[in-house]
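Trainee: Could we go through this structure together? I would like to start with the chains and then look at how they meet.

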Amino acid sequence: MRGAFVAAILTAFVCSGCGSWSWGRRSAGPAGLGASNRQDPALSGDGSVLASVVERGGRDTLLLQEQPSGRELPLRSLRRFQPHRSPSLSWNGRYVAVLIQQGNRRLAVIEDRANGKLLRFPLPGDQEVERLSLAPSGRRLALEVVHNGINRVEVFDLANQLEPDLPAGVRSGGGAPAATGR
Amino acid sequence: MAITAAIALLVRSLALLAPLLVSGCLGTMPAPMGGLNRRLEAIGSSHAPALSDRWLAVIGGRGGREQVVLVDLERQMPVPLPGLNRPDAQPLAVAVDTSGERLAVVRQLEGRTELVLYRRGLMALQPVAMEPAGVPRRISLRADGRELAVEVSRGGVWQVDLIQVP
């Protein structure tokens, strides 16, 4: 009991920044031709895909890269509708949620990379979406919405829109992941 | 004659709509989670959402005083975050892992912008230095909480760093 208490104190001490844990670091690398700024990073649940927004042809454009190789992954529907912002990925990177511009409206969309389908989530005319976050399973979507000058986060159930994107070995019925991450 | 023209118009309209229907491009609005959204409304204004299946982290508050709020979506209740929020800090961005154990937070404190990692079970906060020096802004945490992607400004250029979390 006393040993466990001492261990907990030591762990908290190390976590307080006084320890010598090493933090592996690397840059996400070059963002492609002509791109200098890279913003809005989002990792897939398993860390195998990195989404970010880079400038291409003067327009903020979603870039998907396999990790750690940096190989660019293709997008179908999302090659247009710039500027893109606030990307978010599901567990294996099957679903890419992002805000796009369509005319004078900003719109939340999800591309299913397995089949190229694009799901659009239009909001009422007096609301504007600012940011989004997709749950790794793809079961829920959180939108930051501005209405009458007030920012508010709202969560939506995607159970009827998307089939779950789960870690390998996990059935859609539920249960804990067989292995989390790498 | 009029009927034939109307049928031809209908066929042409269907032909135009068919690709949209097939590609799934029509707008559909998912069901809002009413009870949860009412709970979120009670926080006041809220922004910068980060979802990780069971957990939702947001920055929210009333009267200009904002803090990080972590909501357990199964219980639809905020959980305590002792030692994370402080009155003189302004949180700017937050990310959470799928266990709800690790939160990464970018905050402004004493005129500096810093990235910290909070471990809920330990109630411990650890600063994460930017190397080379830079100003962090947006963040993303891998589902197991062991890797961070950080948007960093260095010399007027926005870059993305990937940081392995021990």
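Mentor: We shall take the chains in turn, then their contact, and then some details. Please keep in mind that this is a predicted model.

Trainee: How many helices and strands are in chain B?

Mentor: Chain B has two helices and 12 strands. Read from the N terminus, its elements follow the order α-β-α-β-β-β-β-β-β-β-β-β-β-β.

Trainee: And what does chain A have?

Mentor: Chain A has one helix and 11 strands. Its elements, from the N terminus on, run α-β-β-β-β-β-β-β-β-β-β-β.

Trainee: What share of each chain counts as buried?

Mentor: In chain B, 41% of the 166 residues count as buried. In chain A, 42% of the 182 residues do.

Trainee: Now the contact. How many residues of chain B are in contact with chain A?

Mentor: On the chain B side there are 52 residues, and they are in contact with 56 residues of chain A. Several elements of chain B each supply at least two residues to that side, including α2 (34–43), β2 (45–52), β3 (55–62) and β12 (157–164). Sorted by class, the side of chain B that touches chain A has 27 nonpolar, 14 polar and 11 charged residues.

Trainee: You mentioned β12 of chain B. Which strand of chain A is joined to β12(B)?

Mentor: Strand β1 of chain A, residues 25–27, is joined to β12(B) by three bridges, and the two run antiparallel. Within this pairing, A:Arg26 stands opposite B:Leu162.

Trainee: Let me change topic to sheets. What is the strand order in the open sheet of four strands in chain B?

Mentor: The order is β2-β3-β4-β5, with antiparallel pairing. At the edges are β2 and β5 (77–79) of chain B, each of which pairs on one side only. On average, neighbouring strands of this sheet are turned by 35° against each other, direction ignored.

Trainee: And over how many bridges do β3(B) and β4 pair?

Mentor: β3(B) and strand β4 of chain B, residues 65–72, pair over eight bridges in the antiparallel sense. As one example, B:Gly61 has B:Glu66 in β4(B) as its bridge partner.

Trainee: What about the largest nonpolar core? How many residues does it have?

Mentor: The largest nonpolar core has 76 residues. Those with the most contacts inside it are B:Ala57, B:Val94, B:Leu103 and B:Ile139. Strand β6 of chain A, residues 95–102, gives the most to this core, with six residues.

Trainee: Is B:Ala93 buried or exposed, and why?

Mentor: B:Ala93 is buried, because 24 other C-beta atoms lie within 10 Å, and a residue counts as buried at 20 or more.

Trainee: Which residues is B:Ala93 in contact with, leaving aside its neighbours within four places?

Mentor: B:Ala93 is in contact with B:Ala48, B:Val106, B:Arg137, B:Arg138 and B:Ile139. The C-alpha atoms of B:Ala93 and B:Pro136 are separated by 9.5 Å, although these residues are 43 apart along the chain.

How values were computed
Residues numbered from 1 in each chain as written. Chains lettered and ligands numbered in written order. Predicted model: local features only at pLDDT ≥ 70, side-chain atom pairs only at ≥ 80, totals over all residues. Contact = placed C-beta atoms within 7 Å. Nonpolar A, V, L, I, M, F, W, Y, C, P; charged D, E, K, R; others polar. Pairing = 2+ DSSP bridges. Buried ≥ 20, exposed ≤ 12 C-beta atoms within 10 Å, placed from the backbone. Core = buried A, V, L, I, M, F, W, Y, C linked by C-beta atoms within 7 Å. Axes fitted to C-alpha atoms, helices over the stretch in contact; angles between N-to-C directions.
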